[in-house]
Amino acid sequence: MNESQLPPPGRAPRPPAAPLTVNAAVLALRDELRLWDAPATRELALEHFWTTHPRTPVLETTDPGRAFAEGQYTVTFLWQDAEAEEVLLAVNGLVDEQDLAASLMRRVPGSDVWQLSYRMRGDWRASYGFHRRLPGERWPWADRPAEMPAAGMLDPRNPRTGRLRSGAATSVVSLPDAPPQPWGARDAAGAPPEIIGPDGRRLWVHEPAGADSASAAGPPPAAILLDGEVWACVQGAATIVDDLVADRAMRPCLLVMVGAGGPGGAEGSVDSDGAAESAWIADRLLPWLRERYGVSARPADVAVAGQADGGYTALRTALEHPETIGAVLSQSATLWRRKLPAPELSLIHQLHAYIEVGLQQHALRGPNDRLASELTRFGCDTHFVEFNGGADYACWRGGLADGLRTLFGPPAPR
C-alpha cells in the first residue's frame, strides 16, 4: 500500500438540501385559522394545537412497517413565539452555513406557531437548537455565518438533551430506529482527577470497577482517548466504560484521556499533520503508562480513539506504530483534507480497526469508506459503520461504546 492508494485530500462538497416536507396537523391548523375571524375562536384553536403537541419533535409515518425506509418519517420541529421576526432551526448535519435561509422556520400565519418539517429515515439522531431574531435586530453573525453559535435555545417540549464539546446543553432528536445507547445513560459520578503525564501533558486516567480482579489474569489493556478534556469532563467516558464493564460487554481497561494542545496541536488539528502527536503517544505516553500502570505490552491491547481531526490522528498513530498499537477507533475522521502515511505492510494485518462516519457527513463518507476497504484488502480486521447523523457527540457517545466493546470484546467466561 502506498500513499496514492490512501484517500487523497480534497475540497468538502456542499451538503444536499435537507428533505423538507409539511406536517398534516400544521396544515390543518393553518386551514382552521383561515376560517375564523373571532380572536377568541382563534385562541382556542391555538390552545388546542399546543395541548395536543406536548412533546416535540412530532413524528408522523404512514407505514410503520417500513419506518426504516428513506424519508418514511415526517419529523416536525415546533417553536412557540409571538414576538420573533425569524426563528432559525440549527440541526446538526442539516443546517448549511452557506444557506441559513433554508433552515428558517415557517410561521403559521396569524399564530405563534413556528414549524419546520424534515422527511428522515427512522434511524436518525441529531443535536439541535433554536435561534430567534426580534424585530429591529439583526443576526449578530449575519456577515460571518460560520460563527453562528453551535448551541441554540433548548426545545422546551423535548426532555432529551446532550452536550456539545463546550459543555453547553443541546436538545437531541432520536428516532425510533436509532441505535440504542444503553451505556453511559446514567448520571456520571464526575470526571476522574486530572494528572500530569509525560512532558507536562494533562491526562485523566480511569480504572473501572473490576480492573483489580482482571489484572490477576495479566496486564490491563489501555484505551487512549484524544480530546481528553471533552471525554473526561463533559461526555462522561468513564461512566460509559464502567457501564460496559458492568454489563460484561468489554474487558476492563485503563481509560486514558489525553488533553489537547500538546505536540502537533490539538489531537492532530488542522495546523498539523499529526506526526508529532502520533510519535508522542507511541514513544512517550505508552512507556510511561506501562511503567506507572503496568499496561499490557501486546499491541492488540492498546487502542487509540478520536473524533474528526482526532480520528485522523488516531488512524495515523495506529498506522505509523503497529509494533506497539494494534487497535484504532476512528469516528468521522477528516480524511478529505489530508493523506495518511503509508503503513508498514508486514504488520498492517495485525491492526484491528473500528471506523465510523455519519450519513450526514457528505465530505467524509467516501474517504472513510475507501480507507476501510483498503485496510480490509490488506488483511486488517476492519469494522466499518455508517450512522445516520453528523459530527455530533449525541452520535459519537454511542459509537465510542460500540467501538470499545468491538475492540476489547467481552471478558472470558467465569
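Mentor: We begin with a definition: a contact means heavy atoms within 4.5 Å. The model is predicted.

Trainee: How many helices and strands does the chain have?

Mentor: The secondary structure comes to 10 helices and 17 strands. Of the 414 residues, 52% count as buried. Among contacts between residues at least 6 apart in sequence, 77% join residues at least 24 apart.

Trainee: How do I read a sheet?

Mentor: Strands of a sheet pair through backbone hydrogen bonds, either parallel or antiparallel.

Trainee: In what sense do S16 and S17 pair, and over how many bridges?

Mentor: Strand S16 (residues 352–358) pairs with S17 in the parallel sense, over seven bridges.

Trainee: What is the strand order in the open sheet of four strands?

Mentor: The order is S4-S7-S9-S8, and the pairing is antiparallel. Strand S4 (86–91) and strand S8 (161–163) are the edge strands, each pairing on one side only. On average, neighbouring strands of this sheet are turned by 40° against each other, direction ignored. Six bridges join S4 to strand S7 (residues 125–133), and these two run antiparallel. Val-87 has Arg-132 in S7 as its bridge partner.

Trainee: Now aromatic rings. What describes a pair?

Mentor: A pair of aromatic rings is described by the distance of the centres and the angle of the planes. A search of the whole structure finds 10 aromatic pairs. In one of them, the rings of Phe-77 and Trp-124 have centres 6.5 Å apart and planes at 85°, so the pair is edge-to-face. This pair links distant parts of the chain: Phe-77 is in strand S3 (residues 73–80) and Trp-124 in the loop between strand S6 (113–120) and S7, 47 residues apart.

Trainee: Are Phe-77 and Trp-124 buried or exposed?

Mentor: Phe-77 is buried, with a relative accessible area of 0%. Trp-124 is buried as well, also at 0%. For a stacked case, take Trp-139 and Trp-141, at 5.0 Å centre to centre with 20° between the planes. Trp-139 and Trp-141 are both buried.

Trainee: Which residues form one aromatic cluster with Phe-77?

Mentor: The cluster consists of Phe-77, Trp-79, Tyr-118, Trp-124, Tyr-128 and Phe-130.

Trainee: Where does the charged end of Arg-201 sit?

Mentor: The charged end of Arg-201 sits over the ring of Trp-280, 4.4 Å from its centre. Likewise, the charged end of Arg-338 sits over the ring of Tyr-312, 4.0 Å from the ring centre.

Trainee: Then salt bridges. What is the rule, and how many does it give?

Mentor: The rule needs a side-chain nitrogen of Lys or Arg within 4 Å of a carboxyl oxygen of Asp or Glu. By this rule the count is 19. Asp-199 and Arg-284 qualify, with 3.1 Å from N to O. Asp-199 is in the loop between strand S10 (194–196) and strand S11 (202–206), while Arg-284 is in helix H6 (residues 275–293), 85 residues apart. Asp-199 is exposed at 53% relative accessible area, and Arg-284 is partly exposed at 40%.

Trainee: Is Asp-301 buried or exposed?

Mentor: Asp-301 is buried, at 5% relative accessible area. Its side chain meets that of Arg-251 in a salt bridge of 3.4 Å, N to O, and that of Arg-298 in another of 2.9 Å, N to O. Arg-251 is partly exposed at 26%, and Arg-298 is partly exposed at 48%. Elsewhere, salt bridges with shared partners join Arg-30, Asp-31 and Arg-34 into one network.

Key
Residues are numbered from 1 along each chain as its sequence is written. This is a predicted model: local features need pLDDT of at least 70, side-chain atom pairs count only at pLDDT 80 or more; totals for chains, interfaces and linings use all residues. Side-chain values use heavy atoms; hydrogens and water are left out. Two strands pair if DSSP finds at least two bridges between them. Axes are lines fitted to C-alpha atoms, for helices over the stretch in contact, and angles run from 0 to 180 degrees between N-to-C directions. Buried means under 20% relative accessible area, exposed over 50%, partly exposed in between (1.4 Å probe, protein chains only). Rings of Phe, Tyr and Trp (its six-membered ring) pair if their centres lie within 6.5 Å; planes under 30 degrees apart count as stacked, over 60 as edge-to-face and the rest as tilted. A charge sits over a ring if NZ of Lys or CZ of Arg is within 6 Å of the ring centre and within 35 degrees of the ring normal.
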